[in-house]
Amino acid sequence: MKIATPREVFVGEARVAMTPDSAKQLQKLGYECLVEAGAGQLAGFSDDAYRAAGVTIIDLPEVVYAEADIIAKVRPPQAPEIGRLRPGQTLISFFYPAQNKELLEQTREAGSSVIAMDMVPRVSRAQKMDALSSMANIAGYRAVIEAGGNFGRFFTGQITAAGKVPPAKVLVIGAGVAGLAAIGTATSLGAITYAFDVRPEVAEQIESMGAEFVYLDFADGERAGQQDGAATGGYAAPSSPEFREKQLAKFRELAPQIDIVITTALIPGRDAPKLWLEDMVAAMKPGSVVIDLAAERGGNCDLTVPDHKIVSENGVTIVGYTDFPSRMAAQASTLYATNVRHMISDLTPAKDGIIVHNMDDDVIRGATVTKAREITYPPPPPKIQAIAAQKPKEKMKELTPQEKRAKEVAIFKAQTKSQGILLFVATALLLVVGAVAPASFMSHFVVFVLACFVGFQVIWNVSHSLHTPLMAVTNAVSGIVILGAAAGRFGPLARGDPGRPVGAGRHDQHCRRFPRDTPHARHVPEVLSQRPQS
């Protein structure tokens, strides 16, 4: 079968759904790859690069659609492209079926199967195909870079000869993939970063990245009706009116001190919620920046104008670009093409270049929106939740002073018993060894045991927070070697019999090797008498 990628006709779209590297992987799956001439030019992939990867370049888009069995795109098809689809053909692209009911009906009438990359279920097995996360990651990173270009001041604080520069304060609203990418980028640039999300399970993730989670003040039980994001496939759920009022009140409190606001809040199938209102923009300092990543769905800010950058009356810049991933086209194309390639790999279980559209597969079923002239959207809910529901931790029972004392006594008795048994076994082994081993061996063995004991007590008892366990063992061995060597050099074994000077044994052995009547032996006393006394 043939996989083809036409040039994107959406104005300003620079991404491409197939790169030379992904084409090589698709060919290994048994497919023939086709690309319209110039499709990857804006992303930095020339036609020659595709030819070098074994891809056929086709000049006319009509020929691309006519020859291909599978069409891989980035943007949803436009009216001219829908007219080129034919029955039995498979289209893989972003589609957004909830917002494109008419487009969904048109593709059904065309008889083609549509796999929407934005409908891939958020389960562990499908992470390699999650194009929304790939693009959101790029958008979050690019949002901070765009904010820096419009901010006009440093992100990090500095103390220079020309004066002190305070760090920028960044607020990220929404801690999904884009929000976490923005948090990581802003923190790495040295900004003081705050983040807010309605899902309680992301607070730990935010704080682990060096940002401060913005908590709301609630009376007891007021948040009881707030739905956990884990129940909605990992996305945020709509907020209750009471929660929204608390949320907006907190944002009004933060607005005067925040330099950069990055909003990323979106709910599947809905318009973007309004979270940064006009009065909050008015409360910000001149020169501040608002980056609205939800601009394509109406924006989280009241003043956002999609695809435009405006400046408010009080000097706040509001950026409503909808093409953040396309502004990093090379990186975005590489990640998206990899997501598409993994999807096609799952559609080709035999790796023989033939698609098997298995609707029993949860991932393929969830991403399929039309098949065999039938609309299959919306899909059934995934069998496995994206985020497992967390069980509440059981509170430890507080022990009374008597129970604590009894527990300490029991632990002491257990340790004493184990140490006593170990000492008894070691003593028995020493007695057995001493009964059969020669006296010279026992002397060496005693020194070795003492060296091991001293090395263990000196090195092993050092807290592991000061060094790793591996270093502790290494240091213990070093201590054993040093102490054993010192004991062997200056201890009782070096002296031999009691009362004999150090080295006497060695002198006697030297003399036994050479009889006293030999010429060498007669010169030994003279040599010894000439040695300096230590």
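**From a surface patch to the loops**

Author: Ile421 lies in helix H13, residues 401–436 (helices, H or I with at least four residues, and strands, E with at least two, are DSSP runs numbered from the N terminus). The model is predicted, so local features need pLDDT of at least 70 and side-chain atom pairs pLDDT 80 or more, while totals for chains, interfaces and linings use all residues. Residues are numbered from 1 along each chain as its sequence is written, and side-chain values use heavy atoms, without hydrogens or water.

Together with Phe424, Val425 and Leu429, Ile421 forms a nonpolar surface patch of about 420 Å² accessible area (Shrake-Rupley, 1.4 Å probe, only the protein chains shown counting as cover). Patch residues have over 30% relative accessible area and no salt bridge, and nonpolar side chains (Val, Leu, Ile, Met, Phe, Trp, Tyr) are joined within 5 Å, like charges within 9 Å; a salt bridge is a Lys or Arg side-chain nitrogen within 4 Å of an Asp or Glu carboxyl oxygen.

The loop between strand E17 (374–375) and H13 holds Pro378. A cis peptide bond, with omega about 0°, links Tyr377 to Pro378. Another loop, between strand E5 (90–93) and helix H5 (101–110), contains Tyr96. Tyr96 is not glycine, yet its phi is positive, near 50°. Most residues other than glycine have a negative phi, and most peptide bonds are trans.
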